[in-house]
Amino acid sequence: GGKRSGDKGFFIEPTVFSGVGDDMKIAREEIFGPVQSILKFSTVEEAVKRANNTNYGLAAGIITKDINKALMFSQTVQAGSVWINCYDHTLAQTPFGGFKQSGHGRELGPEGVKEYLEVKTVTIALDQKNS
């Protein structure tokens, strides 16, 4: 992969980057497209610490048989969506959106609808009649 796809726009073939370091641009910025970066880690705690040390937090995922490890990951990683033993699985009723600089607000679910609502409070003082 990595070759230009077509002659218009900025499209590339599906690409895998290995040997990616935390200081590399590809690891520090959000990239959308058919791209996978491979970063090695020794412990889940290390992976979470490194993932949280970015300006972004759209989504994260973990593949594991250890439910305690999965729950710890989901509670500590700073991401708007966390997938366990799957990835990019969204439903219309589940909110989707990121943390930090990965977006404002949420799409889908009741939280997504709230983005289109404007709350207003109206208070009226009325003369009180004693009956």
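Visitor: What makes the pairing of Arg50 with Glu46 a salt bridge?

Guide: In this predicted model, the closest N and O atoms of Arg50 and Glu46 are 2.9 Å apart. The cut-off is 4 Å between a side-chain nitrogen of Lys or Arg and a carboxyl oxygen of Asp or Glu, so the pair counts as a salt bridge. Both residues lie in helix 2, four residues apart, which is about one turn of the helix.

Visitor: What joins Asp22, Glu46 and Arg50 into one network?

Guide: They are joined by salt bridges that share partners. Arg50 also forms a salt bridge with Asp22, and there the closest N and O atoms are 2.7 Å apart.

Visitor: How do you know that the pair of Arg50 and Asp22 links distant parts of the chain?

Guide: Look at where the partners sit: Arg50 belongs to helix 2 (residues 44-52), while Asp22 is in the loop between strand 1 and helix 1 (25-28). They are 28 residues apart.

Visitor: Why are Arg50, Asp22 and Glu46 called partly exposed?

Guide: Buried means under 20% relative accessible area and exposed means over 50%, so whatever lies in between is partly exposed. Arg50 has 22%, Asp22 has 32% and Glu46 has 27%. Each value lies between the two limits, and therefore each residue is called partly exposed.

Visitor: Let us turn to Ile12. Why is Ile12 described as partly exposed?

Guide: Its relative accessible area is 34%. Ile12 is found in the segment before strand 1 (15-17).

Visitor: Which residues does Ile12 touch, not counting those up to four places away in sequence?

Guide: They are Gly2, Lys3, Arg4, Ser5, Pro34 and Val35. A contact here needs heavy atoms within 4.5 Å. For Val35, which is 23 residues from Ile12 along the chain, the C-alpha atoms of the two are separated by 8.8 Å.

Visitor: What makes the phi angle of Lys100 worth a look?

Guide: Phi of Lys100 is positive, about 55 degrees, although Lys100 is not a glycine. Lys100 lies in strand 6 (residues 99-100). With 33% relative accessibility, Lys100 is partly exposed, because the value sits between 20% and 50%.

Visitor: What is the phi value of Leu108, and where does Leu108 lie?

Guide: Phi is near 70 degrees, a positive value in a residue other than glycine. Leu108 is in the loop between strand 6 and helix 4 (109-114). Its relative accessibility of 38% is also between the limits, so Leu108 counts as partly exposed.

Visitor: How does the radius of gyration of the protein compare with that of a compact globule of 131 residues?

Guide: Such a globule would have a radius of gyration near 14 Å, but the protein has 22 Å. The C-alpha atoms fill a box of roughly 80 × 45 × 25 Å along the principal axes. Of the 131 residues, 19% count as buried.

Visitor: How many helices and strands does the protein have?

Guide: There are four helices and six strands. From the N terminus on, they run β-α-β-α-β-β-α-β-β-α.

Terms used:
Residues numbered from 1 in each chain as written. Heavy atoms only, no water. Helix = DSSP H or I, 4+ residues; strand = E, 2+ residues; numbered from the N terminus. Buried < 20%, exposed > 50% of the residue type's maximum accessible area, 1.4 Å probe, protein only. Rg over C-alpha atoms; globule rule 2.2 N^0.38 Å.
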